[in-house]
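Here is a short tour of one protein model, written for someone who likes to know how each value was computed. Have the viewer open as you read.

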Amino acid sequence: WLEKFSSLTNLRLAFCITGGEPFLDKNNFYKLLSGLTSMEKVDNIRIDTNAFWNPEDYKDLNLSKINLMVSFHPEKVSLTDFIAKIKNLVEYGVK
């Protein structure tokens with residue numbers, strides 16, 4: 001997919017990635033995000049997530065292009081822990 005997206009000319013690209021939880025496949029998702037964020041033609045990448053992943057695993061990516069849509073699941077996490085997780089993500093540079 002990265003090869004195909006990089007071969008497109010005269011376009012600006014934006015992505016919305018949903019799942020399940022896209023961050024579960026650390027190896028392949030990291031490679032995808034690394035490739036997409038390094039492309040000049042990619043303006044932004046929105047990722048729908050529950051935030052149950054470690055931002056440390058993605059800290060060396062260009063996070064300026066990544067926007068998270070984070071869902072809160074009160075049956076899985078307390079509001080206090082959820083807010084702490086969001087603050088942690090922001091500290092790593094995601095929006």
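A cavity here is a set of points, on a 1 Å grid over the protein atoms alone, where a 1.4 Å probe fits but cannot get out, and its lining residues have an atom within 4 Å of a point. This is a predicted model, in which local features need pLDDT of at least 70 and side-chain atom pairs count only at pLDDT 80 or more, while totals for chains, interfaces and linings use all residues. Residues are numbered from 1 along each chain as its sequence is written, and side-chain values use heavy atoms, with hydrogens and water left out.

With that in hand, the search of the whole structure turns up one cavity of 30 Å³ or more. The largest cavity holds about 70 Å³ of space, a volume being the space filled by probe spheres set on grid points joined across faces, edges and corners. Its lining includes Phe 23, Trp 53, Tyr 58, Tyr 92 and Val 94.

Now the overall layout. The protein has three helices and three strands, taken as DSSP runs (H or I, at least four residues, for helices; E, at least two, for strands) and numbered from the N terminus. Their order from the N terminus is α-β-α-β-β-α. The C-alpha atoms fill a box of roughly 45 × 25 × 20 Å along the principal axes. Of the 95 residues, 34% are buried, where buried means under 20% relative accessible area, exposed over 50%, and partly exposed in between (1.4 Å probe, protein chains only).

Asp 57 counts as partly exposed because its relative accessibility is 32%. Its C-alpha atom is separated by 7.9 Å from that of Lys 26, 31 residues apart along the chain.

Finally, helix 3 (residues 79-91) has 13 residues and spans 18 Å from its first C-alpha to its last, close to the expected 18 Å, which is 1.5 Å times one less than the number of residues. Ile 83 belongs to helix 3 and, at 39% relative accessibility, is partly exposed. Just after this helix, Gly 93 takes a positive phi of about 105°.

Key. 1 Å grid on protein atoms, 1.4 Å probe; cavity = no way out; pocket = protein on both sides within 12 Å on 5 of 7 lines; lining within 4 Å.
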